[in-house]
Amino acid sequence: MCARRVLRAGLGVDTVKGPVTRRQKIERNLFSDPMPVRVEPCLSLLSGKAPIGDDWAFEVKWDGYRLAVHIEPGKMVRLITRGGHDWTSRFPTISHDVLEFGLDSAILDGEAVVLDERGASDFGALQKALGGRGGKRSAASAMLYAFDLLYLNGQDLRALPLRERREMLENVLARRPHCSIRLSEEIDSEGAAFLKLACELGLEGIIAKRRSAPYRSGRGGDWLKVKCIQSESFAIVGYEPSTAALGGIGRLLLAARRGDDLVYVGGVGTGFSYASGPALRKLMDTMIIEKPAADMAGRRKKARWLCPALVAEIEFRAWTDDGKLRHASFKGLRDDADEAAVYEIPE
C-alpha cells in the first residue's frame with residue numbers, strides 16, 4: 001500500500017504499535033472521513049460448490065448473530081445487529097474488551113457466537129444464553145469472531161480491497177489479544193478440500209471471499225457461503241398439536257416465499273428441547289388465526305394456523321421432488337433484530 005493510503009487508513013507503523021503523536025493526530029484529521037451511523041452488511045450468496053482461484057480466501061462459516069462493532073470517539077461502544085438494533089448490553093464482555101484495543105474510532109464486522117465443547121459455534125446455545133427469541137438476557141460467555149474492518153481512526157476503509165482491510169484488522173487484534181474477540185482466520189487451502197474437512201468435522205460450512213473486492217453492502221456475490229448441511233429460514237404458518245411430543249408440538253408447518261406469496265414446504269417435528277418446546281408452543285398460541293397464510297390445499301385439518309410472523313431456522317438434508325424439506329430439524333427462532341429473510345423459491 002502506498003504511503004498516502006497508509007496515512008488515509010490511519011495505520012502508520014507508530015499508529016499501530018505506539019502512542020499517537022500530535023503530528024499524527026493533525027495529519028489524521030486532514031483526511032478524516034465521517035463515521036457512518038450504520039453500515040448495511042455485506043451478505044454471502046449461497047453457492048453449491050467452493051470457487052476456484054487465487055483471488056478467493058476461505059473462512060469457517062460461524063453460526064451466530066452478525067454484529068457491527070462501533071467504537072466511537074469518547075470510548076463509546078455500540079454493537080449493532082444485522083437488523084439495526086443496538087445489542088450492546090446483551091454482549092457485555094465483547095463491548096468491554098473491544099475498548100482495550102485503544103482505538104479512537106472503528107467499525108469491526110463479525111459474528112457473535114457461543115462455542116460447544118468441540119469448539120464449533122452453537123446457535124442454540126447462543127439463543128439460550130440470550131433468553132430465546134425476544135429474550136432480554138445478556139450473553140457474557142459469547143465471543144466475537146471478527147472478519148472485516150470497515151472504519152479505523154477516522155478513515156473509511158470500505159473502498160480498499162479485502163486483503164488490505166484484513167491486514168489492518170490483524171494488526172488491530174494483535175495489539176491486545178482477548179479471549180472474547182478473535183480473528184476469523186483465513187484457511188490456506190483449496191476451497192473444495194477445506195469444505196470437505198469442515199463437513200467431516202461437523203461444521204455448518206465455509207465462507208469464500210474475493211480478496212480484491214471492496215466492501216459492498218448487500219448480497220452481490222463477492223462473498224459466497226457453501227454449506228455442508230443446508231440451513232435456511234422459513235416462516236411458521238401453523239403447527240399440529242400433540243399430547244405426546246415435547247411442548248405439545250407434533251410438527252411445525254413451514255413456508256417459503258415465492259414472489260409475494262407464501263408456499264408450503266413441509267413440516268418439522270424434531271429438534272425441540274424440554275425448554276424450547278413449551279416456550280414455542282406458548283408463543284404460538286398467542287398468534288393463532290382462522291385461515292392458513294399459505295396455500296395448504298385443504299390438508300391438515302387438525303392444524304392450528306398462525307400469523308406468519310415467526311421465522312424458524314431449519315436444518316435439512318435436501319429437497320424432495322415435490323418441493324418439500326427432507327430430514328428437517330428445528331434449530332431455533334430467528335430474532336427480529338437479526339432480520340433473517342424467509343427463504344425465497346425462484347419463480
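In the predicted model, Cys 307 is partly exposed, and its relative accessible area amounts to 33%. Cys 42, in contrast, has a relative accessible area of 3% and is buried. Because a residue counts as buried under 20% relative accessible area and as exposed over 50%, the value of 33% places Cys 307 in the partly exposed class, whereas the value of 3% places Cys 42 in the buried class.

A search of the whole structure for disulfides returned one. A disulfide is a covalent bond between the sulfur atoms of two cysteines. The bond found here joins Cys 199 to Cys 228, with an S to S distance of 2.1 Å. The pair links distant parts of the chain, as the two cysteines lie 29 residues apart. Cys 199 belongs to helix 7 (residues 191-200), while Cys 228 is located in the loop between strand 10 (223-227) and strand 11 (230-241). The angle about the S-S bond is -95°, and the link of Cys 199 and Cys 228 is left-handed. With regard to accessibility, Cys 199 is partly exposed at a relative accessible area of 34%, and Cys 228 is partly exposed at 25%.

Helix 6 was also examined. This helix comprises 13 residues (residues 162-174). From its first C-alpha to its last, helix 6 reaches 18 Å, which is close to the 18 Å expected at 1.5 Å a residue. The buried residues of helix 6 include Leu 162, Glu 164, Arg 165 and Arg 166. Met 168, Leu 169, Val 172 and Leu 173 are likewise buried in this helix. An α-helix has 3.6 residues a turn, so residues three or four places apart point the same way.

Note on methods
Residues numbered from 1 in each chain as written. Predicted model: local features only at pLDDT ≥ 70, side-chain atom pairs only at ≥ 80, totals over all residues. Heavy atoms only, no water. Disulfide = S-S within 2.5 Å. Helix = DSSP H or I, 4+ residues; strand = E, 2+ residues; numbered from the N terminus. Buried < 20%, exposed > 50% of the residue type's maximum accessible area, 1.4 Å probe, protein only. Expected span 1.5 Å × (residues − 1).
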